[in-house]
Structure formats: structure tokens, C-alpha cells
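I opened my notebook to get to know a new structure. Here is what I looked up, entry by entry.

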Amino acid sequence: MSRTDPTEHAAPATSSPVTLRVNGTEHVVGADHRVTLLDLLREHLGLTGPKKGCDHGQCGACTVLLDGRRANSCLLLAVAQDGAEVTTVEGLAATAPGGGPHPLQRAFLRRDAFQCGFCTPGQLCSAVGALAEAAAGHPSAVTSAEALAEPGRPVEPTAPEIRERLSGNLCRCGAYPAIVRAVADTAAAVVPAGGAA
Ligand code: FES
Ligand code: FES
């Protein structure tokens, strides 16, 4: 009887090291291949800012910035993000000019833009991404034909634009009007009316 190669039936690896730069700090984590980015942030790194609302990509509570673009972290496998730069709500303040809370965080406070606050981390990360997208000229479903005629022109972050761009972020408390005002305040401070950055 021939000898069997002991590695022939070895179980496939179920975890791999993942390197992520999160809020400016590099982490190397051994991640189960089934772990989502949201669970890795919350359970492995203790960053409980990103919230698990639906776990199905429907509420936006888990939104983070991934390489500068907003993303639903519940829909992403952590191992597939190896080498990525992640910003969670805990790291937003560090991106604010001059330090302290991010201008959006200040605006949320000033405008009373939250009630229970569960959706707020996702709203904040999503709004940062949405304003950057508008400033970079990315159109939305409500962008005017006039603006669409000039590809790449910064899109003015009007209230309808803000509502449309943040429509993936649900707030069960219904704080939407104040959220839109807070985002508009921040947009006005960063992107003057007319769209010039
Ligand atoms: S928890 Fe990710 S979209 Fe709801
Ligand atoms: S403030 Fe409660 S869900 Fe938005």
C-alpha cells in the first residue's frame, strides 16, 4: 500500500492576514475569509462607530470611507480590502483642517441633526464622501441637464442633491430635515455656491 502525502487532504486555509490602514494607523489582522469589513472593524479593532443596522446594504449605518470613497462595510469581505485605507467616524476629526471635530460633526451638533444617533456615524461618513463626489463633478440622479452638459464641473450641493446622494442612509428617527441643513451648511463653507471648489 502506497503512503499518502500528508498534505494531500489538508484543509484549505480559512483565514488570511489582512493589512489595513485605519484612521491613520496600520493594522495587520488574521481575518476569517467570511468576516466582513464591518465586523473586522467592530470586533477585531474595537471601532464601534460604524453601526450594524441591517447587515444587508440597505440602511447605510455601516458606511465608512474606503480609499476616500464611501462604502457599505457590511457588504465587503475584509480579506478583499488588503492594503486599503479606511476612515471611520472615529477618524473623521483627524481629517478636519486645524484639528478638533470635523466641520460636519460641528454642523450636526449646531443643527440638532440626530436624535438617537445610531445612523449618525454612517450619515457623517456618507456626507463627507457625497460632498467630495459633488465637488469632483460626479453627477447624481437629480443633477440638471445643464450641469451634465459639462462633465467634470463641480455639482452644486443643493438640498435635492444632498437628499438624493444621502438616500442610502436611513434614519429611523426622521432627523432628515436637520441632516440636510447640516450637510448644506458644511457644503456652503467648503464649496461656494456656484460649485467652484
Ligand atoms: S448595516 Fe450596512 S447597510 Fe445596513
Ligand atoms: S438619529 Fe436615530 S436613526 Fe437617525
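I began by settling a term: a contact means heavy atoms within 4.5 Å. This is a predicted model, where local features need pLDDT of at least 70, side-chain atom pairs count only at pLDDT 80 or more, and totals for chains, interfaces and linings use all residues. Residues are numbered from 1 along each chain as its sequence is written, chains are lettered from A and ligands numbered from 1 in the order in which they are written, and side-chain values use heavy atoms, with hydrogens and water left out.

Entry on the fold. I counted seven helices and five strands in the protein chain; helices (H or I, at least four residues) and strands (E, at least two) are DSSP runs, numbered from the N terminus. Along the sequence I read the pattern β-β-α-β-β-β-α-α-α-α-α-α. The C-alpha trace spans about 80 × 40 × 35 Å along its principal axes.

Entry on one residue. I found Gln 105 in helix α3, which covers residues 103-110. Is Gln 105 buried or exposed? Gln 105 counts as buried because its relative accessibility is 18%, and buried means under 20% relative accessible area (1.4 Å probe, protein chains only). Leaving aside residues up to four places away in sequence, Gln 105 touches Val 89, Leu 92, Ala 93 and Leu 124.

Entry on the whole chain. I noted that 41% of the 197 residues in the protein chain are buried. Taking contacts between residues at least 6 apart in sequence, I saw that 54% join residues at least 24 apart.

Note on methods:
Buried means under 20% relative accessible area, exposed over 50%, partly exposed in between (1.4 Å probe, protein chains only).
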